[in-house]
Amino acid sequence: MDEIQQGEVVEFLRTLIRFDTTNWGDGRSAGERDAAEWMAAQLTAVGFEPEVLARADAPERANLVLRVPGADRSLPALLVHAHLDVVPAEPEQWTRDPFSADISDGRIWGRGALDMKDMCASVLSTLLHWGRTGERPTRDVVVAFVADEEDRGEFGAAWLVAEHPALFAGVEAAVGESGGSHRALPTPGGTVDLFAIAAAERGTMHIVLTARGRSGHASRPTGDDAVRRLLDALHRIATHAWPIHLSPAVRAYLDGVATALGIPADLDSDTGVQACVDALGEHADVAKFTVRASSTPTMVTAGYKVNVIPGIATAAVDVRCPPGFEEALPPALAALVGDDVSFEFTHFESPVQAPVDSPWFAAMSAAVRRALPDALVVPFCMGGGTDAKAFSRLGIACYGFAPHGPAARGSYGDGVHGVDENISIDSLRWGATVLQDFLTTV
Ligand SMILES: [Zn+2]
């Protein structure tokens with residue numbers, strides 16, 4: 001990445017932060033079209049013809065899509081996607097205006113600095129570099145800057161996938177957010193530069209339980225009422241020890257980090273996996289949540305008067321499912337709920353996973369190592385979800401690869417969705433350089 005780009009990637013991020021693209025959820029948002037149109041104007045100025053697309057009933061929720069033809073158009077294409085929206089910021093809690101994009105302490109401050117206008121700025125810089133120089137990527141690169149990731153994607157990725165799948169024709173793999181950030185791993189042989197690339201996401205399932213019973217006077221308990229039935233079921237669900245179910249991504253993460261730390265790991269037995277997670281401690285990070293399913297009651301409703309036994313009690317439970325466990329989970333959940341209580345899925349999003357032994361993963365790993373030759377690059381499984389779930393419906397292998405350099409430590413993670421979100425300028429430039437290298441050469 002040349003000096004022009006080193007400077008412009010910083011200014012692009014600052015400009016993008018100043019577009020307040022807050023997504024409040026339930027269809028309420030702002031600014032996505034302004035941000036998309038501004039990016040489209042930059043791209044048009046260097047000869048590209050980006051498309052700005054939005055649902056007819058929500059023209060402000062704009063997405064930008066551009067296909068850059070590669071040198072060899074017979075190769076499978078790559079998609080790079082980043083979202084334009086940000087979660088709300090409460091200015092009174094911030095030490096500076098969340099949309100001012102101030103620079104201090106070598107950092108850019110503002111909502112979206114890490115999640116994920118940094119990647120939008122990096123990709124834009126690469127596109128403009130290609131446009132100005134005539135340099136082209138090895139293969140077709142499809143770029144999607146999308147709306148609505150921070151809610152349900154129904155104006156962004158999910159809509160594009162459902163209504164405009166032809167835009168992604170020939171795409172075999174995708175890179176998006178949540179992966180590729182530097183982390184310093186203190187090992188017996190010295191500090192190791194660890195980069196975890198997302199290669200999977202747990203599935204998200206929400207269930208609602210309904211228990212019924214005879215209502216009556218609370219002074220005459222029957223011992224078998226709606227609240228009691230619901231509580232029994234919730235207790236079984238909340239305390240259930242879900243079996244270990246290692247996806248290839250989690251196995252490779254645990255294996256790679258344990259080996260670097262000199263910790264022996266037996267990943268072929270449940271007790272061995274648990275021992276490994278415990279021994280890794282904070283370095284097991286998100287892996288400790290992704291070795292198995294989880295079921296967490298989050299909402300409970302019953303009753304209207306303290307001396308009346310209610311006839312109905314309901315609860316909502318958040319369930320997360322590791323890749324490969326989606327067939328086993330529903331019957332296991334039904335057994336936990338039991339026959340006394342009915343339940344239904346109100347939301348069912350299957351887990352996704354991409355191969356960890358693919359040329360795509362190897363190319364990301366190689367791009368990181370060209371910048372930091374001794375880096376340890378491992379895959380991991382995300383605990384939550386991103387737009388990867390939508391794009392994977394097209395059969396695309398989705399990875400989380402939004403590289404951040406060594407200076408990211410101390411800000412990344414604390415800053416995403418948090419107060420005083422910020423990114424180190426060095427980390428931004430390092431990441432933009434690695435991403436450009438990957439997008440050009442893969
Ligand atoms: Zn994000």
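In which sense do β5 and strand β8 (residues 141-146) pair, and over how many bridges? The two strands pair in the parallel sense, over 6 bridges. The model is predicted: local features need pLDDT of at least 70, side-chain atom pairs count only at pLDDT 80 or more, and totals for chains, interfaces and linings use all residues. Residues are numbered from 1 along each chain as its sequence is written, and side-chain values use heavy atoms, with hydrogens and water left out.

**Stop 1: strand β5**

Select residues 77-83, which make up strand β5. Strands (E, at least two residues) and helices (H or I, at least four) are DSSP runs, numbered from the N terminus. Two strands pair if DSSP finds at least two bridges between them. In β8, Ala82 has Phe145 as its bridge partner. β5 also runs parallel to β9, to which 4 bridges join it; in β9, Val175 is the bridge partner of Val80.

Now colour the strand by accessibility. Buried means under 20% relative accessible area, exposed over 50%, and partly exposed in between (1.4 Å probe, protein chains only). Of the 7 residues of β5, 7 are buried, so the strand is largely enclosed by the rest of the structure. Ala77, Leu79, His81 and His83 point one way from β5, whereas Leu78, Val80 and Ala82 point the other way.

**Stop 2: the zinc ion**

From His83, proceed to the zinc ion. Its donors are NE2 of His83, OD of Asp115 and OE of Glu177, at 1.8 to 2.1 Å. Donors are N, O and S atoms within 2.8 Å of the metal (3.2 Å for Na, K and Ca); water is not among the atoms, so sites may look incomplete. Along the chain the donors follow the spacing H-x31-D-x61-E. Asp115 lies in the loop between β7 (107-109) and α3 (117-133), and Glu177 in the loop between β9 (171-176) and β10 (181-187), so this pair ties together parts that are 62 residues apart in sequence. Asp115 and Glu177 are both buried.

**Stop 3: aromatic rings**

Next, display the side chains of Phe, Tyr and Trp. Their rings (for Trp, the six-membered ring) pair if the centres lie within 6.5 Å; planes under 30 degrees apart count as stacked, over 60 as edge-to-face and the rest as tilted. By this rule there are 9 aromatic pairs.

Select Phe195 and Trp430: the ring centres are 5.4 Å apart and the planes lie at 15°, so the pair is stacked. The pair links distant parts of the chain, with Phe195 in strand β11 (residues 190-201) and Trp430 in helix α12 (residues 425-441), 235 residues apart. Both Phe195 and Trp430 are buried.

Compare Phe343 and Phe345, whose ring centres are 5.8 Å apart with planes at 65°, so this pair is edge-to-face. Phe343 is partly exposed at a relative accessible area of 27%, and Phe345 is partly exposed at 29%.

A further selection is Phe12, Phe19 and Trp38, which form one aromatic cluster. Then select Arg96, whose charged end sits over the ring of Trp109, 4.3 Å from the ring centre. A charge sits over a ring if NZ of Lys or CZ of Arg is within 6 Å of the ring centre and within 35 degrees of the ring normal.

**Stop 4: an antiparallel sheet**

Which strands form the open sheet, and in what order? The 4 strands follow the order β14-β16-β12-β17, with antiparallel pairing. β14 (294-302) and β17 (341-349) stand at the edges with a single partner strand each, so one side of each is left without a neighbour in the sheet. From one strand to the next the twist averages 20°; axes are lines fitted to C-alpha atoms, for helices over the stretch in contact, and angles run from 0 to 180 degrees between N-to-C directions.

Select β12 (residues 203-212) and β16 (residues 312-321), which pair in the antiparallel sense over 10 bridges. Opposite Arg212 stands Ile312 of β16, and opposite Ile207 stands Val317 of β16. β14 and β16 run antiparallel and are joined by 8 bridges, with Ser295 opposite Val319 in β16. In β16, 8 of the 10 residues are buried.

**Stop 5: the two domains**

Finally, view the whole chain. The domain assignment gives domain 1 (3-178 + 386-441) and domain 2 (205-349); such bounds come from an automatic or database domain assignment. The centres of domain 1 and domain 2, taken over C-alpha atoms, are 34 Å apart.
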